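I'm opening a new notebook page for this one.

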Amino acid sequence: MSSKEGQTVVVIGAGLAGSLMAILLARRGHSVQMYERLPDMRRESIPAGRSINLALAARGIRALEVAGIMQDVEPLLLPMLGRMLHDPSGAQKLASYGQRPDEVIYSVSRAELNRVLLDAAEEAGVDIRFRHAAIAADFSRGQLRMRDEERQHNYELPLTRIIGADGGGSALRRSLVAAEAIPATEDLLAHGYKELTMPAVAGKHAIANNALHIWPRGGFMLIALPNLDGSFTVTLFLPHEGAESFASLVSTGKVDDFFRRHFPDVPALMPQLAQEFLAHPTGIMGTIRCAHWSVGDRLLLIGDAAHAITPFHGQGMNCAFEDCRELDDCLVQRDSWQNAFIAFERRRHANTDAVADMALENYVQMRDTVLDPKFQLQQSLAFELERRFPDRFIPRYSMVMFRADIPYVAAFDRGRIQNAILSELTRDAASLADVDYDAAARLIRARLPPIS
Ligand SMILES: Cc1cc2nc3c(=O)[nH]c(=O)nc-3n(C[C@H](O)[C@H](O)[C@H](O)COP(=O)(O)OP(=O)(O)OC[C@H]3O[C@@H](n4cnc5c(N)ncnc54)[C@H](O)[C@@H]3O)c2cc1C
């Protein structure tokens with residue numbers, strides 16, 4: 001059936017990806033019903049769930065622009081120019097993310113962003129039903145089993161043109177895996193995370209609010225992203241088990257001691273540290289990979305439901321938004337839902353695999369290598385090479401975060417080649433002045449084709 005005429009489409013999950021996809025579908029003239037397990041966050045206060053604030057970057061921004069809602073999101077954004085690295089002595093050093101004025105990323109509240117998306121979805125004509133949860137897809141009967149949490153009863157929807165955006169724990173994906181319709185793996189990380197608050201001081205941020213703060217400590221790290229109200233959301237990433245782990249931090253004394261030893265500049269800024277630590281849940285993180293995401297024209301998974309990744313590149317939401325833009329494009333280009341779903345999978349699969357790998361690599365970089373002088377020299381050299389060879393050499397972080405026109409897989413592949421070049425050029429160099437730029441030109445021209 002044509003994907004261009006106005007048809008009924010069901011979106012499961014009114015989170016970030018589901019809401020944006022619903023807006024795009026409604027704007028193409030489809031009749032969109034969106035079902036969300038939780039109550040309406042605009043009317044009831046519900047916990048933000050995973051990650052209170054997020055880093056929004058070019059890919060996410062481009063999708064929000066295509067949907068016509070970037071102007072509503074802009075007032076929610078706080079620019080972050082780089083990583084503010086805190087060493088164990090308390091000294092701070094800003095490492096810029098990019099080298100052009102617009103090469104920044106933005107801290108945004110998940111809840112506020114979701115509210116803007118829900119408002120825009122309703123304005124676009126989306127029929128949103130809160131407290132309705134998908135239970136499972138039943139292929140033998142061609143039905144999607146649903147539950148109305150308000151009235152406490154189950155019902156069914158026809159299993160056709162369902163967009164599954166129900167997040168990393170997706171009930172839809174799990175039912176597809178159980179029915180052997182979609183093979184998938186879920187690799188949980190041995191590290192978890194805990195979110196804490198650094199409150200505002202007299203209404204102002206206690207530390208610089210134009211950076212993403214990182215306290216890298218080898219096997220673990222603390223990060224902080226600013227909020228508009230002057231507070232920071234602080235996240236500890238730490239192994240679940242072991243000597244220094246969530247399992248070992250079970251009392252006020254142990255938490256205070258841990259922070260005093262590893263992050264001595266932090267406790268004075270977080271008066272509720274130990275109480276919050278013991279009260280807040282420890283989150284899990286992992287990577288989900290599916291062999292494919294669609295079943296005929298019945299159903300397609302997008303966002304975290306299809307390919308959840310670890311948060312260390314700040315790309316899960318950006319990637320999910322990019323999914324929405326790409327699917328919208330595939331629906332316009334193809335003549336049937338099934339062909340559009342297949343085209344979407346072909347475009348996205350290698351890209352989501354690449355960003356999953358880059359996110360895992362970035363964890364090691366953020367918690368460990370950022371403090372290594374050789375790494376810092378290579379970062380400076382990467383900017384220098386970008387200045388000298390802008391059509392061929394762009395630092396990988398910049399390709400991922402600032403260049404929505406460069407696919408993740410190209411950033412990943414070029415990034416590998418660039419890393420080898422950076423290693424060769426800095427093998428015997430202690431500063432940029434020691435680098436052989438003739439050799440750099442030869443290596444770059446031989447190994448890196450111009451960026452198309
Ligand atoms: C600690 C942490 C930090 C992060 N930081 C960043 C960052 O800086 N930048 C970034 O880009 N990404 C970040 N991410 C990733 C980002 O949170 C996710 O990639 C993003 O939320 C994915 O959006 P989604 O809509 O696919 O899923 P979700 O946002 O999880 O939305 C899923 C929605 O579906 C609903 N739902 C669930 N089950 C059902 C059901 N059975 N029926 C109906 N509805 C259902 C949920 O209630 C929810 O509303 C971070 C993640 C974590 C854990």
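**Entry 1: the ligand.** I started with L16, and found one of its backbone N or O atoms 3.3 Å from an oxygen atom of the ligand. Keep in mind that I'm working on a predicted model here. Next I checked M317, where a backbone N or O atom lies 2.9 Å from an oxygen atom of the ligand. G316 has a polar backbone atom too, and that one is 3.3 Å from a nitrogen atom of the ligand.

How much of the ligand does the protein bury? I looked up the area: the ligand taken alone exposes 1,000 Å², and the protein buries 91% of that.

Then I wanted to know which elements give two or more residues to the shell around the ligand. My list reads α1 (16-27), β2 (31-36), β3 (53-56), β9 and α9 (316-333). In total, 31 residues surround the ligand, and the closest are A17, E36, A55, R110 and D304. Sorted by class, I get 15 nonpolar, 10 polar and six charged residues in that shell.

**Entry 2: D138.** This residue belongs to strand β9, and it stands opposite Q143 in β10. Is D138 buried or exposed? I'd call it buried, because its relative accessible area is 16% and the cut-off for buried is under 20%. Its side chain makes a polar contact of 2.7 Å with the side chain of S140. Setting aside neighbours within four places in sequence, I found D138 in contact with Q143 and L159.

**Entry 3: helix α14.** Last stop: residues 437-447. At the start of this helix, a side-chain oxygen of D436 reaches to within 3.0 Å of the backbone nitrogen of D438. Which residues of α14 are buried? I wrote down Y437, A439, A440, A441, L443 and I444. A reminder to myself about helices: there are 3.6 residues a turn, so residues three or four places apart point the same way. As for what covers the buried residues of α14, the cover includes α11 (373-388) and α13 (408-426).

Key: Residues numbered from 1 in each chain as written. Predicted model: local features only at pLDDT ≥ 70, side-chain atom pairs only at ≥ 80, totals over all residues. Heavy atoms only, no water. Pairing = 2+ DSSP bridges. Helix = DSSP H or I, 4+ residues; strand = E, 2+ residues; numbered from the N terminus. Near = heavy atom within 4 Å. Polar contact = N/O pair within 3.5 Å; in protein donor to acceptor, adjacent residues only side chain to side chain. Areas by Shrake-Rupley, 256 points an atom, 1.4 Å probe, with all protein chains shown as cover. Nonpolar A, V, L, I, M, F, W, Y, C, P; charged D, E, K, R; others polar. Buried < 20%, exposed > 50% of the residue type's maximum accessible area, 1.4 Å probe, protein only. Contact = heavy atoms within 4.5 Å.
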